[in-house]
Amino acid sequence: IVYDHHQRELTQHILDIQHRQYIHVVATTHVHMDHHNCLETIIIRGMPAEIERLSLEIGGLRGVRFSELTRASRVQN
C-alpha cells in the first residue's frame, strides 16, 4: 500500500485491521517515499476470503493512495 503518512489516525487504523482474528501477519516493511507518502508491504497468512476482506478494507481507508493484493500459495512437497 502507498498512503499519506500525515493522514490523521490512518497508521493506527491499518494496524488495527492487521491485528484481527484469522489473519497472521508474517512481516511488514515500511519505506518513506517522500515527506507525505509511505510504502508498506504486508505479508500475511490466512484464509483467502479473510485476506481479500483485509485488502479491501485497508485499500478503502481515507489516505490510502494505492493498494494492491498479490496472491501466492505455499508449494506442497
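Trainee: Where do I start? How many helices and strands are in the chain?

Mentor: Start with the elements and their order. This chain has 2 helices and 4 strands. Along the sequence they follow the pattern β-α-β-β-α-β. Keep in mind that the model is predicted.

Trainee: What box do the C-alpha atoms fill?

Mentor: Take it along the principal axes. The box is roughly 45 × 20 × 15 Å.

Trainee: And what share of the residues counts as buried?

Mentor: Burial is judged by relative accessible area, and under 20% is buried. Of the 77 residues in the chain, 25% count as buried.

Trainee: Now the strands. Which way do β2 and β3 run?

Mentor: Look at the bridges between the two strands. Strand β2 covers residues 23-32 and strand β3 covers residues 37-46. They run antiparallel, joined by 9 bridges. The link between β2 and β3 is a hairpin through 4 residues.

Trainee: Give me one pair. Which residue in β3 is the bridge partner of Val-31?

Mentor: Leu-39. Val-31 itself lies in strand β2.

Trainee: On to helices. How do I check the length of α2?

Mentor: Compare the expected span with the distance between the end C-alpha atoms. Helix α2 has 12 residues, 48-59. At 1.5 Å a residue it should span 16 Å. The expected span takes one less than the number of residues. The ends of α2 are 16 Å apart, which agrees.

Trainee: Which residues of α2 are buried?

Mentor: Ile-51, Leu-54, Ser-55 and Ile-58. Seen down the axis, the buried residues of α2 fall within an arc of 100 degrees, so they line one face of the helix.

Trainee: Why does that spacing put residues on one side?

Mentor: An α-helix has 3.6 residues a turn, so residues three or four places apart point the same way.

Trainee: What is exposed on the other side of α2?

Mentor: Ala-49 and Leu-56 are exposed there.

Trainee: Next, salt bridges. How many does the structure hold?

Mentor: Look for a Lys or Arg side-chain nitrogen within 4 Å of an Asp or Glu carboxyl oxygen. The structure holds 6 salt bridges.

Trainee: Which residue forms a salt bridge with Asp-4?

Mentor: Arg-65, with the closest N and O atoms 3.3 Å apart. The pair links distant parts of the chain. Asp-4 is in strand β1, Arg-65 is in strand β4, and they are 61 residues apart.

Trainee: Are Asp-4 and Arg-65 buried or exposed?

Mentor: Asp-4 is buried, at 13% relative accessible area. Arg-65 counts as exposed, at 51%.

Trainee: How far apart in helix α2 are Arg-53 and Glu-57?

Mentor: They are 4 residues apart, so about one helical turn separates them. Arg-53 and Glu-57 form a salt bridge, with the closest N and O atoms 2.9 Å apart. Arg-53 is partly exposed at 30%. Glu-57 is partly exposed too, at 28%.

Trainee: Which residues are linked with Arg-53 and Glu-57 in a network of salt bridges?

Mentor: Arg-20 and Glu-50.

Trainee: Last one. Where is Thr-70 found?

Mentor: In the segment after β4 (64-66). Thr-70 counts as exposed, at 64% relative accessibility. For distances, compare sequence with space. Thr-70 and His-19 are 51 residues apart in sequence. In space they are 20 Å apart, C-alpha to C-alpha.

Note on methods:
Residues numbered from 1 in each chain as written. Predicted model: local features only at pLDDT ≥ 70, side-chain atom pairs only at ≥ 80, totals over all residues. Heavy atoms only, no water. Pairing = 2+ DSSP bridges. Buried < 20%, exposed > 50% of the residue type's maximum accessible area, 1.4 Å probe, protein only. Arc of directions from axis to C-beta.
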